[in-house]
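Hi,

Here is the structure I promised to pass on.

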Amino acid sequence: MGQLVAKLSNEQGHEVAGTFVSGDKDRSAEDFVNSLRGCDVAIDFSVAAAVPRSVDACARAGVPLVEGTTGWNDELDDIKKIVIEHDGALIYGANFSVGVLVFYRIAARAAELFRGLESYDAYIEEAHHKRKLDAPSGTAVQLRDIVAEGLNREVPVTSTRAGYIPGTHRLGFDSAADQITLTHTARSREGFAAGALGAARWIVGRKGIYEFSEVFDEIIGTHGDV
């Protein structure tokens, strides 16, 4: 994912000041911070275990961070404290794809329509490549919360990890009479990278903590179709 973000950054005329890989985990915290100083923004698509260190380094270096890694939401309160302590800037999201953000809104409206129809049971199915560690995906968790709020009842989620599936999320409403399904299928990872770059352009010069879906309209309004 990092290579794709760098490729799109260069195509859009941005300079990639540096990249970090798994081997950099052994670098000292101070070295990590110093290597970030002077950058306009940082984008992280790594692993959940690395998120607190990345957030801390960016906050201490005064560099806004776009956090696209998932599976760390249990630590969100601690992450927020780090950003606030250093007057930093963070934008995070379960999914930075524009299509997924639209899918969330379609799902929310569908849940409203089904709220009073007890004969229909909602369910979510998601599938990703075998290297994805978190299950259910962050996207599925957010989708579940959106639909559960609209229905005012719990929604089950099932996960598949196999092969090289880039990402599929299916929301279904099933009854004895019929079934209605809504599906988002990622054809590539470019949509995630493009959304992250749009978020990166937006957060430069800002302070505070933002969830991508909550500021999506403003990002689109500022930069057009990301």
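Which helix does S54 lie in? S54 sits in α3, residues 51-61; helices here are DSSP runs of H or I with at least four residues, strands are runs of E with at least two, and both are numbered from the N terminus.

Before the rest, a word on the source. This is a predicted model, where local features need pLDDT of at least 70 and side-chain atom pairs count only at pLDDT 80 or more, while totals for chains, interfaces and linings use all residues. Residues are numbered from 1 along each chain as its sequence is written, and side-chain values use heavy atoms, with hydrogens and water left out.

Back to S54: its relative accessibility is 10%, so it counts as buried (under 20% relative accessible area; exposed is over 50%, partly exposed in between, with a 1.4 Å probe and protein chains only). Not counting residues up to four places away in sequence, S54 touches F32, D44, L65 and E67, contact meaning heavy atoms within 4.5 Å.

V33, in helix α2 (residues 29-36), is buried too, at 0%. Leaving aside neighbours within four places in sequence, V33 is in contact with A57, R60 and A61. V33 and C58 are 25 residues apart in sequence, yet 6.7 Å apart in space, C-alpha to C-alpha.

Now the cores, meaning sets of buried Ala, Val, Leu, Ile, Met, Phe, Trp, Tyr and Cys residues joined through side-chain atoms within 4.5 Å. The largest nonpolar core has 34 residues, and V66, I91, V147, L151, F173 and F212 touch the most other members. Elements giving two or more residues to this core include β3 (89-92), β4 (121-128), α6 (138-151) and α7. The largest share, eight residues, comes from α5. A second, separate core of 19 residues includes L36, V55, A57 and V83.

After α7 comes G205, with a positive phi near 90°.

Cheers
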